[in-house]
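Trainee: I have the sequence and the model open, and I'd like to go through the fold with you. Can we start with the sheet?

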Amino acid sequence: MKMRVAIIGGGAAGMFCAANLDEEKCEVKIFEQNADVLQKVKISGGGRCNVTHACFDPRELAKFYPRGSRELLSVFSKFQPADTIAWFEERGTKLKTEEDNRVFPESNSSQSIIDTITKEVLAKGFEVKTRCAIRDIACEEEIYKISTSGGVYPADAVVFATGSAPRSLKILENLGHGIVPPVPSLFTFNIQDALLEGLSGTNFEDAEISVPALKTEESGALLITHWGLSGPAILKLSAWKARELAAQNYRFEILVNFIGENIRDTEEIFLDFRNNHPKKSIGQSKIFNVTHRFWQRVLEISQIKAEKQLSQISKKEIMAMLENLCRKRFSVNGKSTFKEEFVTAGGVELREINFKTMQSKLLENFFLAGEVLDIDAVTGGFNFQACWSEAWLIAQALNGTV
């Protein structure tokens, strides 16, 4: 007799688990409250789907997870990005690795990933129930009763992969699990400042950002947006300090070094350039690795006339310019979601999960995967990789192969 498996959530973790289950051993129903499965996969990576990241050492891979790095080490030792790439390519979906090691489908369309997973699930004869919200789960005599908007379904095993929606976490709390309150991770900073106005789209390759109140800093690419600052440096900072920034109600000060050079070295670079080009106007001088538009704005904010010759720039003007380049202080007043990829820190307490199989330590034949757990990562395909790896482990446990 087949095991009746209820998968709650038709996202990356839930659908990938189903795609790896043995149809000879499992009778599977997937419950998804939205009209379509894999919706987050569809919008990720600007519609291209950042499937994973080309980091093939489990120890190095785990370092990209602010929460869950220790627990995921054993998970990645069994299924890691190389396995993900192989899984899709064995099913005819070629992937490519870009310069920054992010991995995408060669088609540049997330639909390729959706189609591959969905085809595998349907080929096994598994049932996908969309527009079917879960209201409650009860366990009676080792049988789970799944109460949904479309009726009550019995199951011998449950895979809970809903994400971090409050209603889902409440169901788990009612079943006895401890919940770490979720807060946003991977968000951008809302900043209103004259230095940034009208410069949306301006990039900086090697910026440094610090939050003095938290004694923390990050470095990397930085991007000016319509609402403030984004880019990898900001996103890393928001991920690693998600809880601390939430505690400050997303109102805090940051220091930004746009060029990643300390102020003394920057002054020397400027003085050397001035000695070699004393008659050149400061506005037309390419001294630092910033765009012409940004350089003009720095001069404007520093109250330096662009047509002024370098030899005429005073010590006071130099310091004002360097402060805006290397030690610019901004007031952050709120956050914005990074694109449409909403990620949270928080969820089921990790000590309550057996990471050899992703089974609950409190509930027999009850497995958890994805964002419902207190696990999250920086941007770059890492959050999806955690889903693929956890889901694969659950499938092996239910198939009886671990």
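Trainee: What is the strand order in the open sheet of seven strands?

Mentor: The order is S17-S16-S13-S14-S15-S12-S18, with antiparallel pairing, where strands are DSSP runs of E with at least two residues, helices are runs of H or I with at least four, and both are numbered from the N terminus. Two strands count as paired if DSSP finds at least two bridges between them. This is a predicted model, in which local features need pLDDT of at least 70 and side-chain atom pairs count only at pLDDT 80 or more, while totals for chains, interfaces and linings use all residues. Residues are numbered from 1 along each chain as its sequence is written, and side-chain values use heavy atoms, with hydrogens and water left out.

Trainee: Which strands stand at the edges?

Mentor: Strand S17 (328–333) and strand S18 (335–337) do, and each has a single partner strand, so one side of each is left without a neighbour in the sheet. On average, neighbouring strands of this sheet are turned by 40 degrees against each other, direction ignored, with axes fitted as lines to C-alpha atoms, for helices over the stretch in contact, and angles running from 0 to 180 degrees between N-to-C directions.

Trainee: And which helix packs on the sheet?

Mentor: Helix H8 (residues 232–240) does, touching S12, strand S13 (203–211), strand S14 (216–224) and S15, where contact means heavy atoms within 4.5 Å. The direction of H8 makes about 140 degrees with that of S14.

Trainee: How many bridges join S13 to S14?

Mentor: Seven bridges join these antiparallel strands, and valine 211 stands opposite threonine 216 in S14. Their hairpin has four residues between the strands, and lysine 215 takes a positive phi near 50 degrees there. S13 is also joined to strand S16 (residues 251–257), antiparallel again, by three bridges, with leucine 255 in S16 as the bridge partner of serine 210.

Trainee: Staying with that loop, what does leucine 214 touch?

Mentor: Leucine 214, which is found in the loop between S13 and S14, touches Lys241, Glu244, Leu245 and Gln248, not counting residues up to four places away in sequence. Leucine 214 and glutamate 244 are 30 residues apart in sequence, yet their C-alpha atoms are 7.7 Å apart in space.

Trainee: Switching to helices, how do H1 and H13 cross?

Mentor: The axes of helix H1 (residues 12–19) and helix H13 (residues 382–399) come within 8 Å and cross at roughly 40 degrees. That makes H1 oblique to H13, because angles under 35 degrees count as roughly parallel, over 145 as roughly antiparallel, 65 to 115 as roughly perpendicular and the rest as oblique.

Trainee: Which residues of H1 meet H13?

Mentor: Ala12, Ala13, Phe16 and Cys17 do, and their partners in H13 include Phe384, Trp388 and Trp392.

Trainee: Last topic: how many aromatic pairs does the structure hold?

Mentor: It holds 22 aromatic pairs, meaning that ring centres of Phe, Tyr or Trp (its six-membered ring) lie within 6.5 Å, with planes under 30 degrees apart counted as stacked, over 60 as edge-to-face and the rest as tilted. One of them is the tilted pair of tyrosine 65 and phenylalanine 76, at 5.5 Å centre to centre and 45 degrees between the planes.
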